[in-house]
Amino acid sequence: MLRNHCLFLERVKDMSILIKNASYIITFNDHDELLEKADLLIEDNKIIALGQNLSLPSSEKPQIIDAHGKAVLPGLVNTHHHLYQTLFRGLPEVQGMPLFYWLVNLYEFWRHIIPDAVYYGAMVGFSELLRTGCTLTTDHHYVFPKGQASNLIDTQITAAHEIGIRFHATRGSMSLGKSEGGLPPDEVVQDSETILKDSQRLIEKYHDPSPFAMTRLALAPCSPFSVTLDLMRQSQILARENGVMLHTHLAETLDEEKFCLERYERRPVELMEDVGWIGPDVWFAHAIHLSEREIGLLAQSGSGVAHCPSSNMKLGSGICPTSDLVKAGAKLGIAVDGSASNDGSNIWEEVRRAYLLNHLRYKDEGLSAYETLKCATRGGADVLGRPDTGRLEAGKAADIILIDLQDVAYAGSHDPLVSIVCCGNHSLVDTTIVNGKVVVRKGQLLTQDTEEIRSKAHQVASEIVRKERGLKKA
């Protein structure tokens, strides 16, 4: 594994950070305040104050960040990902396919996943997320090949701790193999007893329900076409007994809808109702093919949605009814989804694509730049049950990003909110602060060596792909 840079994180612990002279502070607080020429003070992992001409006691030796010409906003929140897929980007075998065919072909590669692949895949994804402004991410890991170590979620959590990102791991699962009418091959599914036992272990070992927690757990059976209904029911019982959230893919494609109607005589959302998967402790990835009643149900129940624009476009799945969900009062976040259907973990770019895709569907009645950014910050935090982050105000977590509006890409722009969403190089932010620690500065990751990550990740990825291609030729 990589060199551990956690000493850096400990060295800056308890250090105050004063962000001075920000051109704009976009708070996303309850009053939707936008402050100009203002400061923000952090102590340890918490925001202490926002305002003009903030000062510190003379005994303090703070880190001072000059934010002149920069926009300061809450860190972006990624509400759905498959980190291991960063090792399977650009595979020619799966380009141009819709979801079901795409999955069937990729399962053949994923059956060779080893712990190192999970670790380095996570490190690649975390690196991209942090450098593009994400401070809180979740992940949906559901592939547990037979014969491999069972502690793959532990491996992800180790990577998150080492790199310094706030992380909601989900214990994904697949229990409905091809032999029983499901989509995945039997060699990547597990029985329900194994899944539930490991879920309990992970919750007891890692889940931290306290404010400002860096690690939380959720339970995440993969999808209606890869798990049994009994596992869905048992998972929601276990989750609610332990106070953790629930997550799954839902209403992503018309193929999924057809599968549910043929097998269960229920639409996907109706199926979730049947098994108790509706409520403020549940969030769904995609939620594209929804009826008006289903949109209302998600809103009224407090269920959340992770909107994955790039993945939905690449797989031709459809366009999430984002404006309808927001208008109904549903919780809506933005997500990069797995890199094999996106080919990147650039959360900032997803904001732009979410905005553009929304306007493709709703035209001049689409969400504004501000509303889109709010979904990506406060909205995502709300989806994940984190009112302690996703907004900038005293008492909230110090999860903050700085974007340099003095870059040439913003020349001629007259509105910082529109600029952040529609203009500029949507790649690397200037600064990323997670839990009061600066982890990215001038677009560069401070906690790990990205070249070392790239080299080792690519080596592991190449070995897996060569192995599967060799088997196909044999």
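**Entry 1: the second largest pocket**

A pocket, as I use the word here, is an open set of grid points where a 1.4 Å probe fits, with protein on both sides within 12 Å along at least five of seven lines. With that in hand, and keeping in mind that this is a predicted model, I looked up the second largest pocket, and I noted for it a volume of about 310 Å³.

I then asked which residues lie nearest the centre of this pocket. The lining has 16 residues, and those nearest the centre are Thr86, Arg89, Val124, Arg454 and Ala457. Two elements give two or more residues to the lining of the second largest pocket, namely α3 (115–131) and α16 (450–473), and the largest share, eight residues, comes from α16. Sorting the lining by class, I wrote down seven nonpolar, five polar and four charged residues.

**Entry 2: helices α4 and α5**

Next I turned to helix α4, residues 152–163, and helix α5, residues 192–206, whose axes come within 11 Å and cross at roughly 25°. Because angles under 35 degrees count as roughly parallel, I recorded α4 as roughly parallel to α5. The crossing of α4 and α5 is right-handed.

Which residues make the contact? From α4 I listed Ile153, Asp154 and Ile157, and from α5 I listed Arg201, Leu202, Lys205 and Tyr206. By class, the contact of α4 with α5 holds four nonpolar and three charged residues, with no polar ones.

Technical notes. Residues numbered from 1 in each chain as written. Predicted model: local features only at pLDDT ≥ 70, side-chain atom pairs only at ≥ 80, totals over all residues. Heavy atoms only, no water. Axes fitted to C-alpha atoms, helices over the stretch in contact; angles between N-to-C directions. Helix = DSSP H or I, 4+ residues; strand = E, 2+ residues; numbered from the N terminus. Parallel < 35°, antiparallel > 145°, perpendicular 65-115°, else oblique. Left-handed = near helix turned anticlockwise from the far one by under 90°. Contact = heavy atoms within 4.5 Å. Nonpolar A, V, L, I, M, F, W, Y, C, P; charged D, E, K, R; others polar. 1 Å grid on protein atoms, 1.4 Å probe; cavity = no way out; pocket = protein on both sides within 12 Å on 5 of 7 lines; lining within 4 Å. Points joined across faces, edges and corners; volume = space filled by probe spheres on them.
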